[in-house]
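Take a look at the chain below. We will walk through it step by step, from the overall fold down to single side chains.

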Amino acid sequence: MHLIDITNNYSQLVQNQLNSTAANFVKVYSLGDTAVIYIETKDDVEISLENHNRKIREDEIEFIIKRLLTDFDGPYNIVMDKTREQVNISINK
C-alpha cells in the first residue's frame with residue numbers, strides 16, 4: 001500500500017478547514033481509491049477515510065493507524081458507517 005500526499009490538490013478544502021474549524025494542521029492523502037483526511041487540533045487528531053466505490057478494508061485502517069498515529073500514545077476511537085465506505089479515527093493528544 002502506498003500513502004500519497006495530495007494536499008496541494010485540495011488547497012481550498014485545507015484552507016476552509018483551517019479557517020472555519022479548530023484545526024491547526026490538515027493533510028490530504030490518497031490510499032489508492034481511498035481518500036484520507038488528517039486533521040490535527042491542539043487537543044486531538046481526527047482521520048477520515050472515505051471510499052465511494054467499495055468498503056474500506058481492515059488492513060487499510062491498520063495501515064493508516066501505523067503510518068499516521070505513530071507519535072501518539074493512548075487509545076483511539078474508530079467509528080464507521082453501515083456501508084464501511086467512511087471510517088473516522090480519533091485520538092486525544
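Strands, like helices, are runs assigned by DSSP and numbered from the N terminus, with at least two residues needed for a strand. Met80 lies in one of these runs, strand E5, which covers residues 76–80. Keep in mind that this is a predicted model.

Now step back to the whole chain. It has two helices and six strands. Their order along the sequence is β-α-β-β-β-α-β-β. The C-alpha atoms fill a box of roughly 30 × 30 × 25 Å along the principal axes. How does the radius of gyration fit a compact globule? For 93 residues, such a globule would have a value near 12 Å; the chain has 13 Å, which agrees.

Of the 93 residues, 35% count as buried. The chain exposes about 6,000 Å². Carbon and sulfur atoms supply 46% of that area. Contacts also reach across the sequence. Among contacts with a separation of 6 or more, 44% join residues 24 or more positions apart.

Helix H2 shows how the inside is built. This helix spans residues 58–68. Which of its residues are buried? They are Glu60, Ile61, Phe63, Ile64, Ile65 and Leu68. These buried residues pack against five strands by name: E2 (25–31), E3 (34–40), E4 (44–50), E5 and E6 (86–92).

Helix H1, residues 11–20, holds Gln17. Is Gln17 buried or partly exposed? Its relative accessibility is 22%, so Gln17 counts as partly exposed, because buried means under 20%. Leaving out residues up to four places away in sequence, Gln17 touches Ala23, Val26 and Ile39. Take Ile39 from that list. Gln17 and Ile39 are 22 residues apart in sequence, yet their C-alpha atoms lie 8.6 Å apart in space.

Phe25 lies in strand E2 and Tyr38 in strand E3, so the pair ties together parts that are 13 residues apart in sequence. Phe25 is partly exposed, at 38% relative accessibility. Tyr38 is buried, at 6%.

Now turn to charges. The structure holds six salt bridges. One of them joins the side chains of Glu40 and Lys93, at 2.9 Å from N to O. Glu40 sits in strand E3 and Lys93 in the segment after E6, so this bridge ties together parts that are 53 residues apart in sequence. Glu40 has a relative accessible area of 18% and is buried. Lys93, at 47%, counts as partly exposed.

Other charged side chains form a group. Arg54, Arg57, Asp59 and Glu60 are linked in a network of salt bridges. Within it, Arg54 bridges to Glu60, with the closest N and O atoms 2.7 Å apart. Arg54 is partly exposed, at 27% relative accessibility. Glu60 is buried, at 2%.

Finish where we began, in strand E5. Met80 has a relative accessible area of 33%, so it counts as partly exposed. Patch members must have over 30% relative accessible area, and Met80 has 33%.

Terms used: Residues numbered from 1 in each chain as written. Predicted model: local features only at pLDDT ≥ 70, side-chain atom pairs only at ≥ 80, totals over all residues. Heavy atoms only, no water. Helix = DSSP H or I, 4+ residues; strand = E, 2+ residues; numbered from the N terminus. Buried < 20%, exposed > 50% of the residue type's maximum accessible area, 1.4 Å probe, protein only. Rg over C-alpha atoms; globule rule 2.2 N^0.38 Å. Contact = heavy atoms within 4.5 Å. Areas by Shrake-Rupley, 256 points an atom, 1.4 Å probe, with all protein chains shown as cover. Salt bridge = Lys/Arg side-chain N within 4 Å of Asp/Glu carboxyl O.
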